[in-house]
Amino acid sequence: MASSSLFRFFVFAFVLFSASFIEIYAEEAEAKEFVLTLDNSNFSDVVSKHNFIVVEFYAPWCGHCKNLAPEYEKAASVLSSHDPPIVLAKVDANEESNRDLASQFEIRGFPTIKILRNGGKSSQDYKGPRDADGIVDYLKKQSGPASAEIKSADDASNLIKNVFIVGIFPKLSGEEFDNYIALAEKLRSDYDFGHTLDAKLLPRGETSVSGPVVRLFKPFDEQFVDFKDFDAAKLEKFIEESSIPTVTEFNNDPSNHVYLSKFFSSSNDKAMFFLNYTTEVADSLKSKYREVAEQYKGEGISFLIGDSQSSQAALNYFGLKEDQVPVLLVQKNDRFKYVKFNVEPDQIAPWVKDYKNGNVPQFIKSEPIPESNNEPVKVVVADSLKDVVLKSGKNVLLEFYSPWCGHCKKLAPTLEEVAISYESDPDVVIAKFDATANDIADGEFDVQGYPTIYFRSASGKLVEYSGDRSKEDIINFIETNRDKTAEADTKPKDTEADSKPKDSKPDSEAKDEL
């Protein structure tokens with residue numbers, strides 16, 4: 001009886017121990033992080049040991065970074081079992097000690113993900129999805145060869161989807177082949193590449209093609225196009241220009257997003273035509289617009305078309321109204337806009353010609369001029385920029401900001417303190433300009449990120465502020481650069497600019513992207 005009780009006791013104890021062990025093991029497994037944490041002290045050492053490693057530069061306050069974190073961790077877990085394992089890492093780029101790393105990799109916004117190869121000797125931007133499955137698929141492809149060899153019709157069928165570039169060669173060696181592989185390596189984050197010795201394996205029965213030649217397949221326009229010049233720069237330009245439709249469609253079709261992304265990331269001028277697809281003149285407008293797009297192919301301008309009925313957000317973004325449709329807009333350098341309202345079919349070609357010849361004035365979007373402007377920091381809009389800043393005859397410190405910018409929000413109370421310090425000085429104005437709701441005329445100010453701060457003296461001298469974002473340093477900057485009158489030859493109240501020790505690094509490099 002005693003032995004039976006003892007046996008039951010040991011069984012019960014074993015079950016408890018097993019349950020506890022399993023629970024502890026599960027907690028440890030759950031707690032394990034697969035994403036490596038890097039910083040200035042271990043970055044070079046860790047990266048140098050990997051032929052392929054992925055690094056996310058993030059900021060703890062960044063909402064997009066917070067959304068990415070669980071997906072990035074899931075992907076790291078899956079890729080740790082890949083053969084060979086693919087390592088994912090992260091760097092807190094907001095940490096002062098890691099600022100040099102962020103500068104080294106030209107981090108302009110968060111999150112930014114870099115793919116580092118050959119122990120960190122080469123770097124490329126990650127341009128894939130941000131969900132776990134998408135990250136895994138993209139990085140598996142990126143970790144393999146830049147160009148896949150096509151040895152069978154099945155290989156071709158499995159690989160050639162959407163935009164796909166194939167090099168056809170008589171032999172897999174020589175200058176042309178080497179140039180092609182080098183370019184594939186350079187552009188692998190943007191395009192899919194393959195190569196073959198046998199053109200007959202490719203779709204559409206291409207039996208007459210003899211290499212060396214590059215064939216770009218695409219699901220639009222002429223379906224494929226060939227190129228025989230293997231000069232790296234010329235071949236890259238061919239791929240860039242041929243991989244987007246002659247006219248990109250602006251819609252919500254997921255399969256079209258890649259072409260929209262290429263359109264908006266292109267360095268070309270961007271022509272955008274919004275019209276109501278249901279009107280009687282819609283077909284004629286579309287036809288004339290496409291003719292113009294064909295005419296200017298390869299001349300540094302890309303073309304997009306969209307139905308105004310489903311593009312209201314785009315119209316609002318550019319400061320356009322429904323009663324101005326059909327409207328033709330060209331955006332230059334992703335900033336400056338040129339617009340033709342209420343377009344008729346026969347007006348498209350001559351207007352685009354005038355634009356190319358520099359005969360179309362810039363369109364300036366502006367918020368209404370505020371009826372009252374009594375706050376310490378004055379509000380400037382596009383329509384009041386000349387009166388308040390350029391022709392005011394005053395010394396003006398002007399911040400270009402975005403309402404969503406974290407750095408701008410952090411700076412706002414400091415600017416207000418500076419403005420209060422100058423309330424009794426009629427020759428100094430502290431102002432702000434919402435650069436997302438107002439346009440800047442070409443040549444006036446160079447704004448590449450937020451916040452950007454300029455000072456314009458009463459005599460017209462323009463200086464960009466790049467110092468520390470403290471009240472004392474900003475006031476000192478104003479006093480150094482202002483034009484003073486006899487009455488205003490004193491420092492503003494409540495400043496200790498002369499006595500403040502300069503023992504901290506300026507944070508002027510911290511900007512959010514446009």
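Ala, Val, Leu, Ile, Met, Phe, Trp, Tyr, Cys and Pro count as nonpolar, Asp, Glu, Lys and Arg as charged, and the others, Gly among them, as polar. This is a predicted model, in which local features need pLDDT of at least 70 and side-chain atom pairs count only at pLDDT 80 or more, while totals for chains, interfaces and linings use all residues. Residues are numbered from 1 along each chain as its sequence is written, and side-chain values use heavy atoms, with hydrogens and water left out.

**Stop 1: the second largest pocket**

Select Ser189, Asp190, Tyr191, Val258 and Lys262, the residues nearest the centre of the second largest pocket, whose lining has 38 residues. A pocket here is an open set of points on a 1 Å grid over the protein atoms alone, where a 1.4 Å probe fits and protein lies on both sides within 12 Å along at least five of seven lines; lining residues have an atom within 4 Å of a point. The volume is about 1300 Å³, taken as the space filled by probe spheres set on the points, which are joined across faces, edges and corners. The lining comprises 14 nonpolar, twelve polar and twelve charged residues.

Next, colour the elements that each supply at least two lining residues: helix 5 (132–143), strand 6 (147–149), helix 6 (153–159), helix 7 (175–187), strand 8 (192–196), helix 8 (232–242) and helix 9 (257–265). Helices (H or I, at least four residues) and strands (E, at least two) are DSSP runs, numbered from the N terminus.

**Stop 2**

Axes are lines fitted to C-alpha atoms, for helices over the stretch in contact, and angles run from 0 to 180 degrees between N-to-C directions.

Show Leu68, Glu71, Tyr72, Lys74, Ala75, Val78 and Leu79 of helix 3, which meet Ala132, Ile135, Val136, Leu139 and Lys140 of helix 5. This contact has nine nonpolar, no polar and three charged residues, with contact meaning heavy atoms within 4.5 Å.

**Stop 3: backbone exceptions**

Most residues other than glycine have a negative phi, and most peptide bonds are trans. Select Asp83 and Pro84, joined by a cis peptide bond with omega about 0°; Pro84 sits in the loop between helix 3 and strand 3 (87–92). Move to Phe110 and Pro111, where the bond is also cis, with omega about -15°. Pro111 lies in the loop between helix 4 (99–104) and strand 4 (112–117). Asn118, not a glycine, has a positive phi of about 55°, and belongs to the loop between strand 4 and strand 5 (122–125).

**Stop 4: helix 10 on helix 12**

Select residues 282–295 (helix 10) and 348–356 (helix 12), whose axes come within 9 Å and cross at roughly 35°. Their crossing is right-handed. Leu285, Lys288, Tyr289 and Val292 from helix 10 touch Ile348, Ala349 and Val352 from helix 12. The classes are six nonpolar, no polar and one charged.

How values were computed
A crossing is left-handed if the near helix is turned anticlockwise from the far one by less than a right angle, and right-handed if clockwise.
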